[in-house]
Amino acid sequence: MNQRNTLKINGAGHLEIGGCDTIELAEKFGTPLYVFDEAYIRNMMRTYKKSLAENYGGNGIVLYASKAFSCKAVYKIALSEGVGVDVVSGGELYTALSAGFPADKIYMHGNNKTPEELEYAVKSSVGTIVVDSYLEADRLDKLCADSGVKQNVLIRINPGVEAHTHAYVQTATPDSKFGFSIANGTAEDITRYILSKGNLVLKGFHCHIGSQIFEKQSFVLAADKMMDYIAAIKKSTGFEASVLNIGGGFGIYYTDEDPKLTSEDYYNYLKALCDEIKVKAEELNIGRPFLALEPGRSIVGEAGITLYTVGAIKEIPAIKTYVAVDGGMFDNPRYALYQSKYTVVAAGNMSAPCTRKVTIAGKCCESGDIIAVDVPLPEVHSGDIIAVLSTGAYNYSMASNYNRNAIPQAVLVNDGKAETIIKKQTYEDIARNDVIPERLK
Ligand code: LLP
């Protein structure tokens, strides 16, 4: 169960993933290149499913939070593993549906879904919509009335659990833009409001306390508070929630500052949640809710690496050495946004000792365009391939065309084979939607 990762050093001293030599991948597909390890993704999906089956009698669903990495191939993998998905925009919904993903296993999120997105979701018969505002409740109820639909919904609740993670990825603090707070009574108000809506079928509640969290206790506490809330609402309104969606957020390994979790650890995170919910159900004398969870990062994060070609190397004596690569914040904005840390390796020279610390810079016209600061690396030269590890989550999905750089291609590797799952953008793709008004021609 421990062997999740197919990353290894092969006989040539090269980094290998999914049985593929990364130097050969770089030669064949070019760089920058996102590489995804299919076995890893499947193993993580199976781990969560197994834990849910063994610790909660299978009375629930694993939803892959596809904001971490959304493309048709990953929805196909989710489908074949029997997991559902969480989508958070019309674009993610479209991608899932066009990959043939069944609408009833899709949960739709968003703190400000547009009227078009709501209409698209209802017309597509999306299984569950997670409501996060009065405006949305009104719009959705009217839309359902007009289309003769009874829509299953959950309400996004803020349980007020502060998890230790970056402020931008905390979502259950008192000032969060997400959800309705249990503590200040707004959760109960919206619950009553939704119960009064004729076309919305309230199934239960959702919460998500944040991302890249390692403390089991934070998840357990959130489950605890949500169960207390379900019991309190039952008492005050008579409504008993049949669904509890506990969100995602399990952390992954980026650098030695993070714990390196095994599949068993992730299995146990979920087990701890299941155990707590079972105990609370008994204690509060309420039914065990159908349990949904939404892991994103932990399913795809460590499955992905990014390969770059080293370009210019700039030494600023006594200050630092910049190693510039052919990518940057347009394919991975996470250092620029969160000062996230990454492990970087010389993919073609894995056994060489790290002799110095360098800063990996991107090619954008911006000083903040950095991939990693002061990372240990062996001697590298222009033309060498370096790999940044754990880039599977929130890299491609947060990529942009800044400076009109092309978003790189992605390949899926498995058993020594590599297949393109996202083509590299062409210059034509980048300028495709530009329009020159007549008067400027
Ligand atoms: N469910 C909901 C409602 C969410 O908002 C999220 C993440 C997830 C599930 C999945 O959480 P995960 O298992 O991936 O931690 N861009 C940031 C991460 C933002 C996460 C947003 N919501 C980053 O690059 O770290």
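Which of the 19 residues around the ligand come nearest?

Tutor: This is a predicted model, in which local features need pLDDT of at least 70 and side-chain atom pairs count only at pLDDT 80 or more, while totals for chains, interfaces and linings use all residues. Residues are numbered from 1 along each chain as its sequence is written, and side-chain values use heavy atoms, with hydrogens and water left out.

Of the 19 residues around the ligand, those that come nearest are S211, E294, R297, R334 and Y394, where a residue is near a molecule if one of its heavy atoms lies within 4 Å of it. E294 places a polar side-chain atom 2.7 Å from a nitrogen atom of the ligand, and an N or O atom in the side chain of Y338 is 2.8 Å from a ligand nitrogen atom. On the backbone side, an N or O atom of G249 lies 2.8 Å from an oxygen atom of the ligand. On its own the ligand has 580 Å² of accessible area, of which the protein covers 91%, with areas taken from the Shrake-Rupley method with a 1.4 Å probe.

The shell around the ligand divides into 6 nonpolar, 7 polar and 6 charged residues, where Ala, Val, Leu, Ile, Met, Phe, Trp, Tyr, Cys and Pro count as nonpolar, Asp, Glu, Lys and Arg as charged, and the others, Gly among them, as polar. Because both domain 1 (7-30 + 303-431) and domain 2 (38-297) give residues to this shell, the ligand lies between them; the domain bounds come from an automatic or database domain assignment.

Methods: A polar contact is a pair of N or O atoms within 3.5 Å; within protein, one must be able to donate a hydrogen and the other to accept it, and residues adjacent in sequence count only if both atoms are side-chain atoms.
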